[in-house]
Amino acid sequence: MADISDSAARAARDLRVVFSRLRRRIREVAQDADLSPSQESALTLVGKHGAATASALAAAEGVRPQSMATTLAALEQHGLIRRAPDPDDGRRQLVTLTDAGRARTAGNKQVREEWLARAFQDRYSEEERQTVLAALELMDRLSRP
């Protein structure tokens with residue numbers, strides 16, 4: 001890392017740490033005690049991407065198919081997902097959200113957004129919020145190819 005400035009290395013390290021903490025905190029805000037973090041994550045994934053096979057969900061989450069099968073079984077027991085035969089390949093099953101699953105993911109999203117907006121309102125001055133917005137515009141460059 002000889003060609004990377006100290007400030008770039010520090011920014012990378014600090015950003016990763018802060019984003020990890022913030023991501024955990026946001027997940028905690030909306031998390032119900034009856035679902036594990038992996039179940040919450042899988043439920044959110046199905047909500048974002050729609051019907052998917054268990055193997056596709058496992059690949060997207062970076063877990064083994066057996067682990068995803070266990071996670072999906074728990075979500076199914078809670079009545080949050082359903083499995084139905086894939087119309088293109090009856091041997092496979094597609095996982096979708098039930099009405100209860102859709103309501104839960106929508107409610108969780110709203111709770112997280114409200115918590116974050118309230119935290120910005122209560123913990124930062126208007127000037128600081130404007131600084132955060134300007135920094136986010138710069139940070140957006142990192143998300144682009």
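In the predicted model, Thr71 is found in helix α4, which spans residues 65–77. The relative accessible area of Thr71 is 10%. Since buried means under 20% relative accessible area, Thr71 is therefore classed as buried. Once neighbours within four places in sequence are set aside, the contacts of Thr71 are Ser38, Gln39 and Ala42.

Helix α2 covers residues 37–49 and helix α5 covers residues 99–123. The axes of these two helices come within 10 Å and cross at roughly 100°. Angles of 65 to 115 degrees count as roughly perpendicular, so α2 is roughly perpendicular to α5. By class, the residues in the contact of α2 with α5 comprise 1 nonpolar, 4 polar and 2 charged. On the α2 side, the residues that take part are Glu40, Leu43 and Thr44. Their counterparts in α5 are Gly101, Arg104, Thr105 and Asn108.

Leu97 belongs to strand β2, which runs over residues 89–97. With a relative accessible area of 7%, Leu97 falls under the 20% limit and so is buried. Apart from neighbours within four places in sequence, Leu97 is in contact with Leu43, Val46, Gly47, Leu80, Ile81, Arg82, Arg102 and Thr105. Two of these residues, Leu43 and Thr105, are also named in the meeting of α2 with α5. A further relation concerns Leu97 and Leu72, which are 25 residues apart in sequence. In space, the C-alpha to C-alpha distance between Leu97 and Leu72 is 11 Å.

The chain as a whole contains 6 helices and 2 strands. In sequence order, these elements follow the pattern α-α-α-α-β-β-α-α. The radius of gyration of the chain is 19 Å, whereas a compact globule of 145 residues would have a value near 15 Å. Along the principal axes, the C-alpha atoms fill a box of roughly 55 × 40 × 25 Å.

Buried residues make up 24% of the 145 residues in the chain; Thr71 and Leu97 are among the buried residues. Among contacts with a separation of 6 or more, 49% are between residues 24 or more positions apart. The chain exposes about 10,300 Å², and carbon and sulfur atoms supply 53% of that area.

Key. Residues numbered from 1 in each chain as written. Predicted model: local features only at pLDDT ≥ 70, side-chain atom pairs only at ≥ 80, totals over all residues. Heavy atoms only, no water. Helix = DSSP H or I, 4+ residues; strand = E, 2+ residues; numbered from the N terminus. Buried < 20%, exposed > 50% of the residue type's maximum accessible area, 1.4 Å probe, protein only. Contact = heavy atoms within 4.5 Å. Axes fitted to C-alpha atoms, helices over the stretch in contact; angles between N-to-C directions. Parallel < 35°, antiparallel > 145°, perpendicular 65-115°, else oblique. Nonpolar A, V, L, I, M, F, W, Y, C, P; charged D, E, K, R; others polar. Rg over C-alpha atoms; globule rule 2.2 N^0.38 Å. Areas by Shrake-Rupley, 256 points an atom, 1.4 Å probe, with all protein chains shown as cover.
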